[in-house]
Every structure is written in structure tokens, then in C-alpha cells.
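Visitor: Hi, could you walk me through this one? I'm new to it, so please keep things plain.
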Amino acid sequence: MRRQFRKKLLFTVAAAASIALSSCKKTYEQEMAAAAETVVSVEEGDLTDSKTEISPSEAESLTSTIEPTVPASNGTTVITASGEAASVSNQNAASQAQNANSQVAGSQTQNQNSLAAAETAAVETSAPVIYENRDETVYIMSDDVNIRTTPVNGEVIGKANTGDSFHRTGYSDSWSRIEYSGQTAYVSSDYTTTKVVEKKTSESVSFDSSWEFAGNSKINSGTATLYYASGSNKKGKTVCVNAGHGTSGGERVKTLCHPDGTAKTTGGSTASGATTATAVSSGTTMADGTSEAAVNLKVAKAVKAVLLERGYNVLMIRESEDVQLDNIARTVMANERANCHIAIHYDSTSKNKGAFFMSVADGIKNMYPVSTIWQESDRLGTNIINGLSANGVKIFSNGSMQMDLTQTSYSKIPSIDLELGDKASDYSDATVITLAKGIADGLDAYFG
Ligand SMILES: [Zn+2]
């Protein structure tokens, strides 16, 4: 009995220390994100959309003051992963854990304690979990929490995010039994609380130099914003909506056309045979003198609104006149944080020729990472053109044109450059709403 008690205590202490450590890391990251956001606010001065929503630091303060639930009647003394524990430094958390171990284990060394904790974890996770019956609403305190069919190694049947709530029917200090989509499922108790956790509505996304191909980007100090769908119709998909152009100074910087440094295989704004292209070009000017970048942004904001309403999360690359993210940075960011990537553009002709997408050029279909995704990119483009067409939008030719673009070359997710028309196209409010609906219809069909 005493040994059982010790095992339980050691395991709980180890879990508490681990929560404290991960919470510290999270706090650091979110502070960095909050700091980055402040810089953007100062430089751009117009992030009104995000200012009315919960900032990452506010979201953190909501979660950091709540305590994970512990068994209602547990006679043992444990260190709980309380907000207080989460706010101490790593060193303090480790020292608290060691002190608690010492109280029970006496003169054991730290190494022995660690080993005992690891063994205990192994024993406890392989043993049947005993649940206290519960009948309560439980909230999730973190993102990307696995929802499993059985504890520990069960199939992952879903993911829960900060603020999601479930009916909990059973509790142990390691696993919680919940109802999920009409079936019994399990989540780690470490991420649960009975206190209300607000859902995150958005977060700032900064460029991470460890991402694949990140080293080829030359302008990446800007931040994008990831908006979360909040309705009950969540699709669990994130669409990157990239308002083309709008990077001041981008036209004076060159970046590699292809990740492997090979030459461009088609013409376009950069000639075939070139190995470098403009990091972000200035774009065209509409017939009435408005910049293409401004019109792209108008459409992107309308698309964002419709997609959020339909249950998609939306990664907005640019939400004001300027964002310091080149085409490679935008693409790499989409690769890491979205399920597909749509760049909004208008062509430089003056014929009101209609909408089309840039399909993948034959010359790069065997090049990594294009080789892994080009069929899906073309399928995405075809679905979106069909969605636009079904909404009465004029389509150019057969709706696509092969092009070797930087965006395509670096994309690991389905990705298109969508040309919604040209300099002579109408972009009135009514037309833009129709375009947004057509794009959303196309995405619904694509993800069908
Ligand atoms: Zn453009």
C-alpha cells in the first residue's frame, strides 16, 4: 500500500513538473507572439479586426489562472499543476518536484527518483485505469489534444483545442472519459478543467526559420493571423488566404525560383531560364487607378468572412496595405499552418477576360515538393473555378493556365494562384461577395 502510494505520488509529481515546464514554454512563445503583434500594430497601424478579439497574451491569462482538476477525494498530498506552479521558472518547478520526492523517498538521488517516476508511469499506463464517475462539463486547456478510442494507445479519432468542451463521465488523474460525437472517448486529464476556458478566436503567426525552405526566404519579419471558426459547424480545416502583393521593398529583392536552385521553366513576370525572381512584385493597377494589391485585399477579407462562417479556420497572410513576408515566407507559413493555400490576384491585361488559376507547369511536376502535391493543387484550382462559374463569374478559356510560380514550387499543400480577372474587371462590393461565395463553394466541393 505504501509503495502504491509512493508510485502514485511520484507519477503525479512528474506530471505536474511536465505541465509546469510546458506551460513555461507556452508562456514564452506567446509572449514572443504578443511582442511581434505589437510591432505590427505600430508599423501598420491598422489591425482593427484583430484588436477586438482576444490577443494571445489575454488567452494565456485566461488559461494560466485555472487549475487542472484533481480527484475530488484523494487523501494523498500532491503538487497540482496550478496556475501558480505553471508560472514559476523551470528550475523552481524541478526543485519543487524534487522536494516532494524527497519527502517520501528520503535519501534517494535525483536519478533514482527519475527512474522510479519513469517506471511508475510505465506501470500505471499499462494497468487498467480506474475512473471516478462524473457527470460534468469539462473544458480543454490546450491545442491539438488527442481524443482517443481508449486511453494511452487508442486510435486518435479527433483533436480538441483550447476552449472546447465535453461531457465527462469518468475521471482518473491520468485519463478522462468523455462523450465525443455520440461515442465514448478519452482525453488526457492533464489538459482538462471544469472551469470555463474561453475559445481562442485568433492568434498571431510569426515566421519560423526552422521550417522547411525557410532559409530561402529573404523578407519574413511580418506576421500573419490565424482566425478560428467559432460556430458549431467547425470543419477542422485551415485555409490560407493570401492577398497577393503588398510587401514594401519586395520588388527590389530576389529569391530562388525553386527550392533546389534550378531554373524557371515557363515565362511570366520572370522569364523562363531565370533562377531568381522578384521576392514580391508590386502587382498591376486597375483601370480606375486602384492598386491590384488593394483589390486583392478587399477580396481576401470577403473570403475570410465567408469561410469563417462556414466553419473553416483562416490564415490571413496580409490584412493591411503592407506585410513584410515574401512569396516564399507566405508559402512556407501556409505549408506549416494551413491545409490549402489560395493566393488572390488580378491579371495585368485589360480585356475583362475572366477568372482562371495558374495550374502546375509540366516542367516542375517531378521536382520536390511539387511532385508530392501537384495533382491536388490542380484539383483544388478546378474546384474553385467551378465554384466561381456556378455563381455566374466569367471564366477565362478553360479556367487554367500552366505557370511555374515561386508559390507552386515551394508548396507542400494544395496551393493555387487565383487570377479573378484583370485590370478591367469589376470589383464592386456586390461582385466581391459573389467571388467570395464562389471560392467558398469551390472549397466545400474540394474538401467534400
Ligand atoms: Zn498579382
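**A first look**

Visitor: Let's start in the middle. Which residues does I342 touch, not counting those up to four places away in sequence?

Guide: I342 touches V239, C240, V241, N242, I416, L418 and I439. Touching, or being in contact, is when the C-beta atoms of two residues, placed from the backbone, lie within 7 Å.

Visitor: Thanks! And where do these numbers and coordinates come from?

Guide: Numbering starts from 1 along each chain, following the sequence as written. This is a predicted model, where local features need pLDDT of at least 70 and side-chain atom pairs count only at pLDDT 80 or more, while totals for chains, interfaces and linings use all residues. pLDDT is the predictor's confidence in each residue, from 0 to 100.

Visitor: What's the mean pLDDT of the protein?

Guide: The mean is 80, with 72% of the residues at 70 or more. Over residues 1–124, though, pLDDT stays under 50. Where pLDDT is low, the predicted coordinates should not be read in detail.

Visitor: Good to know. Back to the inside: which residues touch the most other members of the largest nonpolar core?

Guide: They are V239, L315 and I342, in a core of 71 residues. Helix α7 (residues 292–309) gives the most to this core, namely eight residues. There is also a second, separate core of 14 residues, with Y139, I140, A160 and A185 among them.

Visitor: What makes something a nonpolar core, and what does buried mean?

Guide: A nonpolar core is a set of buried Ala, Val, Leu, Ile, Met, Phe, Trp, Tyr and Cys residues joined through C-beta atoms within 7 Å. A residue is buried if 20 or more other C-beta atoms lie within 10 Å of its own, exposed if 12 or fewer, and partly exposed in between, with C-beta atoms placed from the backbone. Of the 448 residues of the protein, 42% count as buried.

Visitor: How many helices and strands are there?

Guide: There are 11 helices and 17 strands. Helices (H or I, at least four residues) and strands (E, at least two) are DSSP runs, numbered from the N terminus.

Visitor: In what order do the eight strands of the open sheet come?

Guide: The order is β8-β9-β13-β10-β14-β17-β15-β16, with mixed pairing. Two strands pair if DSSP finds at least two bridges between them. β8 and β16 (395–403) are at the edges with a single partner strand each, so one side of each has no neighbour in the sheet.

Visitor: Which way do β8 and β9 pair, parallel or antiparallel?

Guide: Antiparallel, over five bridges. Within that pairing, S202 stands opposite Y227 in β9. β9 also runs antiparallel to β13 (residues 313–316), joined by three bridges, and T225 has M316 as its bridge partner in β13.

Visitor: And β10 with β13, parallel or antiparallel?

Guide: Those two are parallel, over four bridges. C240 stands opposite L315 in β13. Both faces of β13 are covered: N313 and L315 are buried on one side, V314 and M316 on the other.

Visitor: What do the buried residues of α7 pack against?

Guide: They pack against β9, β10, β13, β14, β17 and α11. Among those buried residues are V295, L297, V299 and V303. After α7 comes G311, whose phi is positive, near 100°.

Visitor: How far does helix α11 reach from its first C-alpha to its last?

Guide: α11 (residues 429–447) has 19 residues and reaches 27 Å, close to the 27 Å expected at 1.5 Å a residue. That expected span is 1.5 Å times one less than the number of residues in the helix. Its buried residues include L435, I439 and L443, and what covers the buried residues of α11 includes β10 (238–243), α7, β14 (340–347), α9 (370–390) and β17 (415–422).

Visitor: Last one, a loop. Where is S230?

Guide: S230 is in the loop between β9 (223–227) and β10.

Visitor: Why does S230 count as partly exposed?

Guide: Because S230 has 15 C-beta neighbours inside 10 Å. Leaving aside neighbours within four places in sequence, S230 is in contact with K199 and T201. S230 and Y312 are 82 residues apart in sequence, and 9.1 Å apart in space, C-alpha to C-alpha.
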